[in-house]
Amino acid sequence: MAEQQQFYLLLGNLMSPDNNVRKQAEETYDNIPGQNKISFLLHAIRDASAAEEVRQMAAVLLRRLLSSSFEEIYPGLTLEMQTAVKTELLSSIQQESSPNIRKKVCDIAAELCRNLVDDDGNNQWPEVLKFLFDSVNSEDVGLREAALHVFWNFPGIFGNQQQHYLEVIKRMLVQCMQDQAHPQIQNLAARAAAAFVLSNEGNTALLKHFADLLPGILQVVNESCYQGDDSVLKSLVEIADTAPKYLRPNLEATLQLCLKLCSDTNLANMQRQLALEVIVTLSETAAAMLRKHTAIVAQSVPQMLAMMVDLEDDEEWAMADELEDDDFDSNAVAGESALDRIACGLGGKIILPIIKQHIMQMLQNSDWKYRHAGLMALSAIGEGCHQQMEAILQEIVSYVLLFCSDFHPRVRYAACNAIGQMATDFAPTFQKKFHDKVIAALLQTMEDQNFPRVQAHAAAALINFTEDCPKSILIPYLDNLLQHLHVIMVGKLNELIQKGNKLVLEQVVTSIASVADTAEEKFVPYYDLFMPPLKHIVENAMQKELRLLRGKTIECISLIGLAVGKEKFMPDASAVMQLLLKTQTDFNDLEDDDPQISYMISAWARMCKILGKEFQQYLPVVMGPLMKTASIKPEVALLDTQDMEDMSEDDGWEFVNLGDQQSFGIKTAGLEEKATACQMLVCYAKELKEGFVGYTEQVVKLMVPLLKFYFHDGVRVAAAESMPLLLECAQVRGPEYLTQMWLFMCDALIKAIGTEPDSDVLSEIMHSFAKCIELMGDGCLNNEHFEELGGILKGKLEEHFKNQELRQTKRQDEDYDEQVEETLKDEDENDVYILTKVSDILHSVFSSYKEKVLPWFEQLLQLIVQLISSAQPWADRQWGLCIFDDVVEHCSPASFKYAEYFLQPMLQSLCDKSPEVRQAAAYGVGVMAQFGGDNYRPFCSEALPLLVTVIQAPDSRSKENVNATENCISAVGKLMRFRPECVNVNEVLPHWLGWLPLNEDKEEAVHTFDFLCDLIESNNPIVLGPDNANLPKIFVIIADGVANESIKNEDACSKRLANVIRQVQVSGGLWTQCVSGLNEKQQKAVQDLLNAAA
């Protein structure tokens, strides 16, 4: 008994407001053995004489214990103890008088039951099912409530008996939802029905069978909202999110109800927003289904706009010097967010015609709130209505600009917001078309000295405008822009010193940075005007409230340095480095959420780009804090619904619903900084190469585990990008060190290719892996690696075909429309992009391992053959051929054993409709001639006339065809060069000369020039012509090649071509004749070639 009393004290201390007492109690509690914990906690829950809050705490702890440590504790209990736990829980539910405790005990029972349904669906606690049936039919309302609560908490409670009990479950739910006398029973039954639907979302037959429950659920949603309970409405949002097809038979009724609730101003804001959330969620999860109900969508849009008008009249708003965070519970923010999402979900074709008239009316309203809402609505729909708004952009922009001089400051603010948003959404068209009007309007609005928030927002819009502005458009405005920005900066700097105001200065400093970033070297004349005051800010802005200003100024200085280049920046570089170093030294004193940290980290990386190798000396100072930031570990928690109610998203927690009443929570503070830091490590490795070698070991140890850092895509991308770069850095340490490092990362990279869920990140990982193999070469993969890699690539190819089938099925769906087709095309492009990366990996393996790898490749052979079948889309055939091209190029003559699979498709593909397929086939012919061996000779002869047909087609040099055509010309060259016995060289050669030079495909251009050099150096009479008559034409070919950068100085053939020209130079008359046929650009190109080779 004494022990139990001590335990009560402990439970009290666990709730203590005193941190130390609580920490001490947590340690003591953690050290109690699991079995004892269960006894103590159960006893506390059943002890009616204990204080209510102590019993509640015990119930919460027991549920958590079963949720997090079931496997460690429960199976170790004796059978008697297990039975006692089950019996005690059911008795407690039946006998408990406190509704709160009973509810918490129901949660424990549900949690235990969740763990007692085995993998085959057998419920190891059959008594609980009997208890459910007895209770739900009981006269006692409390017991009926308890049964529903358990079922709501764990709808999978029937396990593999569910089908058997389906009618009973349905009857139970219908009966309880009709219990008019007890609203709490109705509400719980509706929530339980929703939970049951959600837990069976993939079972179409079951959803159909339960469709007639939906009208009852909707009725309860309606009634419960007017009783101030929005829990059933939240369940409806979950259905819209996870099982939207369940709503289809009653979609009209669902939408009408949500519209009614949303427009009822007597309801609380939260309830109105949740009702709107159902419609908006459906626009994201079942857009095609919702597009059939445009009349209701058309009625919901004015509701969103009405919410956006719900603003406070706050005289102080425009004078504020602090930007407070958006109040996400406010109607205005909710309405704007809903509009943005529904526009993206349903597309501009539907939304723009509905909303355009409303916005026009709002903008003409005499009440500022309507004009403000109209402008904010325009900002919100830009992304979703992109295509449709682009067509009428002229009209929209002219109209919006008028509001930059509206008499109300918040309308001017909203106009700046719309301009900034359109500058991002419609770049660079927006900048090209409206630069003169927009820059003038923003500069004028930035003069608005009386309203700092408007002034700052105009500066923010200018940042958006310049970020995506083509340099050539910005240059003519540079002088006017920078004079204005300088005057405002100096004025605001004085204001900061006199009054402490900083908001506008923060934005202006970033505007200057953005202009410098776009203007690049054209910023040099203004450098001396801006650098002294910016350095002054960094030196003197030391107070805590100026941290953001200081961070932004550090960013600005480093961007200006990067823009003007090393030469101009060098005199200041040392002083700037000292300023950064000083901040760096204080770095350890900075709080984790100090905004200066990420600005500092990025500034260091820019300084590295400016200084190059000279930056190495600063690494010892920089790397410590950078590694510390890159190593931030986020706070995470696995929670169930009960715990989530105690935590709030406002504290920086974000939640992912894992289903089954469980959620995953993560505290997002520091995540962006971590991603930036990882990106900067990539930058150092790339810029400093061997200069970074001293840090490769610690960086690789940090980065490899981050390939599994699923909380932030950017971190995983940086981790993947770093791998080949770190190997390059490590090469100077010799092969042994390099191999050790590669072995450390190889396994993790292969596994990441198998498990990465995001296709953008996956493509980066695959790309990096391919680069690593190219770098490490033959022998870098052992048998286990090959086995795992083969399985993964096979899986990716199988998934590729499966996804194609799924898309075909979706095209048969009753909701299929042209917007669905757009989505399917995007998915298809994603899939093809992954296919290109499979090809990259295979290329790196073939080029490193040659024919040794062919037995391994055979597990993929049939899948690659499937890719090139004539029924497949052109992208599949293109990449399938590319893979076979690699097999021929790197694994010949052994490649011929697969010839039966690809030779005929390759021949046929030379005349394919798709230029990409023709290009891959032509490249294949070229490598066959060069590397294939004698077995391919008949095929080479057969390919020639097909290649010539493609080259001589009337539109063969059009933009979309030119690359394929150039590959055909190169292939003809390779046939003559490596397989002259298959070609009538004398007949083909004059034609081939007439097709030169190649301007687009630089790699193939090098091959053709090499062959041309061979022919000239061997004095080939057909190439040179009688009395060297063809030389002027050859000069034109060479000059064009140099001018188009098809020949680079480092190419061996550039020296050979220069020699040809020199030989002609010494015979005066011929030289004059050759040069006189060249235009000015071509003459300069010839001169450049001679100078480079000198």
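The model is predicted: local features need pLDDT of at least 70, side-chain atom pairs count only at pLDDT 80 or more, and totals for chains, interfaces and linings use all residues. Residues are numbered from 1 along each chain as its sequence is written, and side-chain values use heavy atoms, with hydrogens and water left out.

**Overall make-up**

The secondary structure comprises 54 helices and three strands. Helices (H or I, at least four residues) and strands (E, at least two) are DSSP runs, numbered from the N terminus. Along the principal axes, the C-alpha atoms fill a box of roughly 115 × 75 × 60 Å. The protein has 1094 residues, and 56% of them count as buried. Buried means under 20% relative accessible area, exposed over 50%, and partly exposed in between (1.4 Å probe, protein chains only).

Helix H10 spans residues 183-199. From first C-alpha to last, H10 reaches 24 Å, close to the 24 Å expected for its 17 residues at 1.5 Å a residue. The expected span is 1.5 Å times one less than the number of residues. H10 is largely enclosed by the rest of the structure, because 13 of its 17 residues are buried.

**Salt bridges**

The whole structure holds 47 salt bridges. Each is a side-chain nitrogen of Lys or Arg within 4 Å of a carboxyl oxygen of Asp or Glu. Three of these pairs are tabulated here.

| Pair | N to O distance |
|---|---|
| Asp212 and Lys170 | 3.1 Å |
| Arg807 and Asp828 | 3.1 Å |
| Asp1010 and Arg1056 | 3.3 Å |

Asp212 and Lys170 form a salt bridge. The two link distant parts of the chain, 42 residues apart. Asp212 sits in the loop between helix H11 (204-209) and helix H12 (214-225), and Lys170 in helix H9 (residues 162-177). Asp212 is exposed at 52% relative accessible area. Lys170 is buried at 11%.

Arg807 pairs with Asp828. This bridge joins helix H40 (residues 783-811), which holds Arg807, to helix H41 (residues 818-849), which holds Asp828; the partners are 21 residues apart. Arg807 is buried, at 4% relative accessibility. Asp828 is partly exposed, at 25%.

Asp1010 pairs with Arg1056. Here helix H49 (residues 1002-1017) supplies Asp1010 and helix H52 (residues 1052-1065) supplies Arg1056, 46 residues apart.

A network of salt bridges links Lys245, Arg248, Lys292, Asp813, Glu814 and Asp815.

**Surface charge**

Asp310, Glu312, Asp314, Glu315 and Glu316 form a negative surface patch. Patch residues have over 30% relative accessible area and no salt bridge, with like charges joined within 9 Å. Asp and Glu count as negative. One member, Asp314, lies in the loop between helix H17 (294-308) and helix H18 (331-346). Asp314 is partly exposed, at 37% relative accessibility.

**Backbone features**

Ala427 to Pro428 is cis, with omega near -10 degrees. Pro428 falls in the loop between helix H23 (409-425) and helix H24 (429-445). Ser892 to Pro893 is also cis, with omega near 0 degrees. Pro893 falls in the loop between helix H43 (874-891) and helix H44 (899-909).

Positive phi values occur in residues other than glycine. Lys689 has phi near 45 degrees. Lys689 lies in the loop between helix H35 (671-688) and helix H36 (696-706), and is partly exposed at 33%. Asn1028 has phi of about 55 degrees. Its loop runs between helix H50 (1021-1024) and helix H51 (1031-1043). Asn1028 is partly exposed at 30%.

Conventions: Patches are made of residues with over 30% relative accessible area and no salt bridge: like charges are joined within 9 Å, nonpolar side chains (Val, Leu, Ile, Met, Phe, Trp, Tyr) within 5 Å. Accessible areas come from the Shrake-Rupley method with a 1.4 Å probe; for residues, only the protein chains shown count as cover. The place of a charge is taken as NZ of Lys, CZ of Arg, CG of Asp or CD of Glu.
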